[in-house]
Structure formats: C-alpha cells, structure tokens
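Hi,

Here is the model I said I would pass on. Have a look at it first, and then read my notes below.

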Amino acid sequence: MSRGLAETPSGPTVVYLTVTPPRGAHPGGLHGYRTALARTDSREPTMTLLFLGVILLNVFAFALVLLRAPLFRTEVYRPMLLNIGLSVLPVFVLTFWIVGDLVLSAAGAPTWAVATVAAAGLVVWLLLLPNAGYLVTELNFSHRKDGEGVPLWYDIVAVLTLAMSGVLNTVVNIFLVQVFYAVLRYPDDLKPFERPASWMVVAVVLVLVSFGIYLGRYIRFNSWDLAHPVGFLRKFLGYFRAPGKVRDALLFSGLHTVFFALIYLVVIGSLLETITAATG
C-alpha cells in the first residue's frame, strides 16, 4: 500500500491522494483512491496552511516563554518549555507509527505484524496525547511571581498562545488519526468522512484526552507512571475515594470534551466538508 500527496502548480490547485489498493480490493474503486483527499481551488483552505499555522503557533509560544526572561530580567520558566515539548511529541510518535505501518504493509509483512505495530503505536500515542491539550491548564497563571515586573498583558498573550497551541496540537493529532482510519476502513468510499464510525473515533479520543488532562493536572500523573501499574492504581483509587472527586473529574472531562469537540468542528469540520464536497 502506498500513498502520495501531489499538487499541480498551474491553474486551480488539485490535491489528491494516490493509494495502491490492498490485495483483494475491488478494482472499480481505483478512481476513488486517486481523488480520495480533495480537489479545491487556490482560494479555498488547504491542509498546508493548517499545518503551517500550527507549527508557527508553537514556535511563537516557545519564543514568548524564552523572551520573557531577557525582556523583563527574570528567570526562564522551564516547566512551560517542557510542556511545549511534550505537547508536540505525540504528533511525531503518530507520524512514526503511521509511516512504519505503511512501510510494513508495502513490504508484504504478515497481517499480525502490521496489526501488532498499529496496536502498540496507538497505545503509546494515546498515553502521550493528553500532553498536547495539557497546555490549556496554563491559563491559571500559576507561573507569575510577585516582584517579577512582568506586565500582565505579556503573560496574557503568552499563556493564550500556549493554550491555543495545545488545543490545535490536539486537533491535528486526532485529525490525522481520523484520516488514517477513514482511508483504511473505507478505501473504496469517495466520502469516508460522512461515515459515523470515523466521528465516533474522534469522540472517544477526545473523552480520553480530557480525562488524561485531568489526571495530569490534579493527580499529577505522567504518561510514564503506567510503567508502575500497582502504584498507579493505588494512587488512582485513593484519589477518587475522596468526596466530590468523581463529580469534579466528570465535569472537567465533560466540559473539556465539548470544548475540544467544538474547536475540532470549527477547524477540521469545515476542511473535511470541503474535501467531501470536492469528491462529489
């Protein structure tokens, strides 16, 4: 199985996905493969701008945290730099996982090997993904200290940029998984994003991400804490035995799931709508 992304520079921009159908696939679906991604003119939004915008937002957030120290003669707040790094890590893991799976499939690896790599990559990615959205919790301004002399307006811009980069990092990760799932699950369908199953994947991942952010912020869990499952489970159960903690977790997870879902619909929903309309 091979996939390639191509653009024609002249006239209307044409973006298409070329896929070699898996063994046993219906030959009549080849036309659908070649036009599966989209056809849009140059005035319409493209995925290039989406990814470029997210990259620049992360760079801007990183620069604001670094510049804060020399501009206002204070120390660099290193936890924010660490959180930015952790926020972008899932997309690298996801890319490595998808490319590795495609290479194995193209090389004719056994189905069990491809499935094992896919399952392992998915688990690692899901464990890391809450780190992307975790930047939303920086909105509490807990990094500000008395006597620093840093203007509030600077920290407002810096923290909002951090939060937005975390939200969009989450959105891009889930978008890539939705596309990967839709193309593999419905290879002959010209409009796979109209299938409810791909949106169910998005919904489930958003719930897990929101709950993972809660665990990280309020129980102070890290992804690697699962390497010690007994200690993790003891701390987890002990925390939720306290009165009101289950309610807090449900409210936090529910509200954040709705928030991320609305942003996903605004950013990705319109893009997929354009793609789906172009394939019709």
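Let me start with α7 and α8, where Phe211, Tyr214, Leu215 and Tyr218 of α7 meet Phe236, Tyr239 and Phe240 of α8. Contact here means heavy atoms within 4.5 Å. The residues of this contact divide into seven nonpolar, no polar and no charged. On the wording: under 35 degrees is roughly parallel, over 145 roughly antiparallel, 65 to 115 roughly perpendicular, and the rest oblique. The axes are lines fitted to C-alpha atoms, for helices over the stretch in contact, with angles from 0 to 180 degrees between N-to-C directions.

Before going on, the ground rules. This is a predicted model, so local features need pLDDT of at least 70 and side-chain atom pairs count only at pLDDT 80 or more, while totals for chains, interfaces and linings use all residues. Residues are numbered from 1 along each chain as its sequence is written, and side-chain values use heavy atoms, with hydrogens and water left out.

Now the overall picture. The protein has nine helices and two strands, in the order β-β-α-α-α-α-α-α-α-α-α along the sequence. Helices (H or I, at least four residues) and strands (E, at least two) are DSSP runs, numbered from the N terminus. Of the 280 residues, 42% are buried; buried means under 20% relative accessible area, exposed over 50%, and partly exposed in between (1.4 Å probe, protein chains only). Among contacts with a separation of 6 or more, 67% are between residues 24 or more positions apart.

α7 (residues 196-218) also packs on α6 (residues 152-185): their axes come within 9 Å and cross at roughly 145 degrees. This crossing is right-handed, meaning that the near helix is turned clockwise from the far one by less than a right angle. From α6, Thr170, Ile174, Val177, Gln178 and Tyr181 take part, and they meet Ala197, Ser198, Trp199, Val201, Val202, Val205, Leu206 and Val209 of α7. The tally is ten nonpolar, three polar and no charged residues.

And what does α6 do with α3 (residues 78-106)? They pack at about 10 degrees with their axes 11 Å apart, so α3 and α6 are roughly parallel to each other. The α3 side includes Trp97 and Asp101, and the α6 side includes Asn169 and Phe180. This contact divides into 14 nonpolar, four polar and one charged residue.

One side chain to look at is Thr257, in helix α9 (residues 245-279). Is Thr257 buried or exposed? Thr257 is buried, at 15% relative accessible area. Its side chain makes a polar contact with the side chain of Ser210 (3.1 Å). A polar contact is a pair of N or O atoms within 3.5 Å; within protein, one must be able to donate a hydrogen and the other to accept it, and residues adjacent in sequence count only if both atoms are side-chain atoms. Beyond its neighbours within four places in sequence, Thr257 touches Leu206, Val207 and Ser210.

Lastly, backbone. Most residues other than glycine have a negative phi. Arg73, however, has a positive phi near 55 degrees; Arg73 sits in the loop between α2 (47-72) and α3 and is exposed, at 80%. Arg220 has a positive phi too, about 60 degrees, in the loop between α7 and α8 (229-240).

Cheers

Key: Ala, Val, Leu, Ile, Met, Phe, Trp, Tyr, Cys and Pro count as nonpolar, Asp, Glu, Lys and Arg as charged, and the others, Gly among them, as polar.
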